[in-house]
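Colleague: Could you walk me through this model, one feature at a time? I'd like the general idea and then the case at hand.

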Amino acid sequence: MTHPGTAVAEPLTGLSADQVARRVAAGEVNDVPAKTSRSMAEIVRANVLTPFNAIIGTLFVIMLAVGPIQDSLFGFVIIANSAIGILQEWRAKQTLDSLAVVGEARPRVLRDGQEREIGASEIVLGDVILLGPGERILVDGRTVRADALEVDESLLTGESDPVLKGGDDPVMSGSFVVAGTGAFEATKVGHQAYAARLAAEAQKFTLVDSELRTGINNILKYMTWLMVPAGILQVITQLHRSGGVRAGISRTIAGLVPMVPEGLVLLTSVAFAVGVIRLGQRNCLVQELPAIEGLARVDTVCLDKTGTLTEGGMVFDAVTALSDTDSTGSAESTGSAESTGSTENTDVPTVLAALGAAEERPNATMQAVIEQFPDPAEGWTVTQVAPFSSARKWSGATFADGKGTWLFGAPDVLGRGTPAAAQAEKLGSTGLRVLMLARADGPVDAVIEGSITPVALITLRQRIRSDARSTLDYFEKQNVSLKVISGDNAVSVGAVADSLDLPGARDPLDARTLPEDDVETFAEDVARHSVFGRVTPQQKREMVTALQSRGHTVAMTGDGVNDVLALKNADIGVAMGSGSGATKAVAQIVLLDDRFATLPEVVAEGRRVIGNIERVANLFLVKSVYSFVLVVLVGIFQLEYPFLPRHTTLIAALTIGIPAFFLALAPNYERAKPGFVRRVLRFAIPAGLVAGTEVFIAYWVARAESGSLLQAQTTAMVSLFACSLYIVQLVARPIVWWKIVLIASMAGLFVLCVALPVGRKFFDLHFGSWYQWTTGLMIAAVSCVALELLWRYLSAHSGAQAAREI
């Protein structure tokens with residue numbers, strides 16, 4: 001496309017303070033809230049008004065009316081669960097809201113002729129808002145000044161090519177600037193702006209579109225279907241067999257309550273909320289909650305070199321001046337900033353100073369040049385400017401009084417096919433960043449084909465982040481593939497990557513050699529190489545898509561406007577806090593302190609959350625399955641249900657509730673894999689069948705031996721506790737010291753409850769002869785052997801499947 005430059009525009013003054021005050025009073029303000037979290041009312045509703053809370057709450061009220069208070073303990077547990085969920089999500093809300101203030105976009109506006117930086121919510125109708133590369137357009141408007149202004153509207157329209165904006169052209173909120181500068185007048189603010197509703201939805205604190213959340217909802221749906229016939233059977237059996245309406249209701253409720261995996265949703269919310277808080281403590285802003293889940297599944301990380309492996313700024317190194325005959329081979333390096341070797345006696349520092357002064361919003365590369373040559377000479381009047389564009393890889397300006405057109409950018413673009421480009425590549429292989437100063441015929445918006453003449457090479461030193469090596473080591477140990485994708489020269493990028501011992505760094509690929517029409521070959525090349533140079537923004541997005549087509553879960557890091565498309569398409573987009581506003585807007589996670597070393601902690605947190613939720617889901621669903629099995633068996637054999645609600649509450653607390661809370665917050669470094677529901681049900685269903693059958697046999701044998709319901713239910717309770725505690729240690733593996741303490745503590749609490757007279761009275765425990773309850777323990781031991789064999793079989797099967805995938 002054409003990239004025109006423009007001359008200096010008429011000065012703009014913007015609104016006056018009085019005009020701003022009148023618009024604020026009229027409500028013409030950009031008052032769309034930055035909704036990074038749910039409101040307190042939404043948090044309370046989400047944790048209290050749930051279908052399962054309604055079921056448990058109804059049973060709680062009924063139990064209070066017909067039985068003693070100890071049989072209603074399950075209701076108080078639900079109240080405590082809801083309170084914990086509300087508290088943790090409120091803490092997460094506080095963290096998100098405070099971090100969002102730090103990371104929010106602060107547009108530049110003109111007021112009373114002065115440039116000011118304000119909050120996005122302070123924009124009023126008619127404000128003149130200044131634009132530069134990488135800045136988001138926050139409200140709708142029309143351009144009042146456009147200096148080679150190119151706007152990317154792909155997030156709104158899907159069109160990947162930047163749109164050139166001229167005077168009085170419309171601009172839409174949700175787009176961003178990729179090149180040039182300009183200003184626009186706000187014509188629609190607040191909820192009237194084009195992207196206001198979309199932005200509010202995109203930033204909302206939610207669990208939507210999550211495989212984990214969908215899986216849990218499906219599990220809850222299946223359990224609801226099972227509860228209906230089981231509940232009918234339980235009501236009929238217990239009202240008939242329990243010798244009275246009150247006793248029948250108590251034992252009916254005792255069978256129904258454990259079938260509800262009520263704590264699963266709570267602990268899922270708590271685990272996510274704690275994850276947000278922990279990441280917030282590391283100055284990491286989670287803009288979309290499902291990103292935590294995505295982090296746990298990441299197996300490929302695409303890194304943009306600049307701002308990720310290297311620090312954002314650069315240091316000027318030297319000028320290598322090219323002679324008039326350089327196109328045939330010779331180049332003389334001065335190794336210092338003061339070099340003035342030239343083509344046609346060009347004063348290189350003077351030209352560089354003039355180019356720097358022509359840039360209204362210089363990027364990091366030009367900033368290094370400006371710092372070295374800060375004082376432009378007199379007489380260099382700019383007539384046209386072409387700001388740097390990632391697509392064309394150069395910037396330039398046309399000067400008056402016969403000083404001509406000068407270009408500054410990639411040597412392999414401006415000097416393609418010349419010895420100067422070969423010299424640049426040789427310099428780049430040392431890890432230096434190399435730029436070319438070239439002269440051209442014609443204005444900068446219509447450079448004559450073949451007229452570009454290389455004049456000098458400028459080298460910059462890139463500062464490699466001190467924490468880059470340890471971060472790359474972490475990903476290598478975790479079997480996470482790394483792809484360095486950069487717009488710089490491939491050899492230079494490879495040299496930087498090689499200095500960090502990145503595998504494959506010595507075989508960098510120039511992205512210009514990638515096939516444009518052969519998708520399969522393109523994907524193979526991307527999979528085979530680790531370092532890529534001269535990558536366009538469009539190619540970055542295509543690389544991410546190619547990796548995803550191979551079944552990879554891709555995280556993309558970046559800080560510049562050229563990374564936006566790839567960040568948006570990646571499974572997880574990670575932006576640097578100092579990056580462009582557009583980059584931070586599309587990323588799910590923002591590293592506010594720019595520390596690349598935070599990334600392993602972010603990935604580890606995602607793995608901890610998802611891995612532990614899968615663990616506790618096993619506990620809750622095993623309980624639901626064995627409760628269902630037990631209800632069906634006592635219904636078939638027409639027996640009283642072996643437990644009162646107080647018994648199931650005690651067992652659930654010691655073998656599920658308390659252990660699950662600690663396990664949900666424990667470290668977990670295993671990469672999450674798809675198929676959450678399948679894996680959980682593959683263990684929970686057979687384990688629940690074993691536990692349910694085991695407790696029924698123990699109950700049946702005890703009834704046959706003593707004929708006492710009270711003694712038989714105590715035997716069944718001891719047997720079920722032993723079996724359930726063994727399931728806890730299976731799910732908790734690998735076992736470490738604190739897990740041993742946790743399991744031993746639960747066993748100790750149970751022994752206290754059954755050994756102390758007050759405990760036996762409170763929980764209505766009646767032990768028969770010693771061989772009766774030891775028989776129950778022996779039956780539990782047999783079931784534990786069966787569970788161990790099941791666990792080992794499933795572990796071996798999962799290991800073999802993982803090996804096949806690798």
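This is a predicted model: local features need pLDDT of at least 70, side-chain atom pairs count only at pLDDT 80 or more; totals for chains, interfaces and linings use all residues.

Colleague: Let's begin with helices. Which residues of helix α14 are buried?

Modeller: Terms first: buried means under 20% relative accessible area, exposed over 50%, and partly exposed in between, with a 1.4 Å probe and protein chains only. Helices (H or I, at least four residues) and strands (E, at least two) are DSSP runs, numbered from the N terminus. In α14, residues 419–428, the buried ones are Ala420, Ala421, Ala424, Leu427 and Gly428. Looking down the axis of α14, those buried residues fall within an arc of 115°, so they line one face of the helix. That arc is taken from the directions from the helix axis to the C-beta atoms. Ala422 and Lys426 are exposed on the other side of α14.

Colleague: And how do I read salt bridges here? How many are found in the whole structure?

Modeller: The rule is a side-chain nitrogen of Lys or Arg within 4 Å of a carboxyl oxygen of Asp or Glu. A search of the whole structure turns up 29 of them. One of these joins the side chains of Arg646 and Asp71, at 2.7 Å from N to O. This pair links distant parts of the chain, with Arg646 in helix α22 (residues 645–664) and Asp71 in the loop between α3 and α4, 575 residues apart. Arg646 and Asp71 are both buried.

Colleague: Which residue does Glu601 meet in a salt bridge?

Modeller: Glu601 meets Arg282, at 3.0 Å from N to O. Distant parts of the chain are linked by this pair too: Glu601 is in helix α21 (residues 598–636), Arg282 is in the loop between α9 (262–281) and β8 (284–286), and they are 319 residues apart. Glu601 is partly exposed at 33% relative accessibility, and Arg282 is partly exposed at 29%. Then there's Arg116 with Asp112, whose closest N and O atoms are 3.8 Å apart. Arg116 has a relative accessible area of 39%, and Asp112 has 41%. Salt bridges can also join up: Asp412, Asp510, Arg512 and Arg534 are linked in a network.

Colleague: What about patches on the surface? Which residues make the nonpolar one?

Modeller: Patches are made of residues with over 30% relative accessible area and no salt bridge; like charges are joined within 9 Å, and nonpolar side chains (Val, Leu, Ile, Met, Phe, Trp, Tyr) within 5 Å. Areas come from the Shrake-Rupley method with a 1.4 Å probe, and for residues only the protein chains shown count as cover. Here, Met40, Val44, Val48, Leu49, Leu87 and Trp90 make a nonpolar patch of about 530 Å². Both α2 (40–48) and α4 supply at least two residues each, and the largest share, 3 residues, comes from α2. Leu49 is in the loop between α2 and α3 (51–66), and is exposed at 64% relative accessibility.

Colleague: And which residues form the negative patch?

Modeller: For charge, Lys and Arg count as positive and Asp and Glu as negative, leaving out His and the chain ends. Each charge is placed at NZ of Lys, CZ of Arg, CG of Asp or CD of Glu. The negative patch is formed by Glu516, Asp517, Asp518, Glu524 and Glu542. Glu516 sits in the loop between β18 (509–510) and α17 (519–528), and is exposed with a relative accessible area of 78%.

Colleague: Now the backbone. Which peptide bond is cis?

Modeller: Look at omega: the bond from Arg733 to Pro734 is cis, with omega near 0°. Pro734 lies in the loop between α24 (709–731) and α25 (737–755).

Colleague: Where is Asp501, and what is its phi?

Modeller: Asp501 is in the loop between α16 (490–499) and β18. Its phi is positive, about 60°, although Asp501 is not a glycine. Asp501 is exposed, at 54% relative accessible area. Gln638, also not a glycine, has a positive phi near 55°. Gln638 lies in the loop between α21 and α22 and is partly exposed at 33%.

Note on methods
Residues are numbered from 1 along each chain as its sequence is written. Side-chain values use heavy atoms; hydrogens and water are left out.
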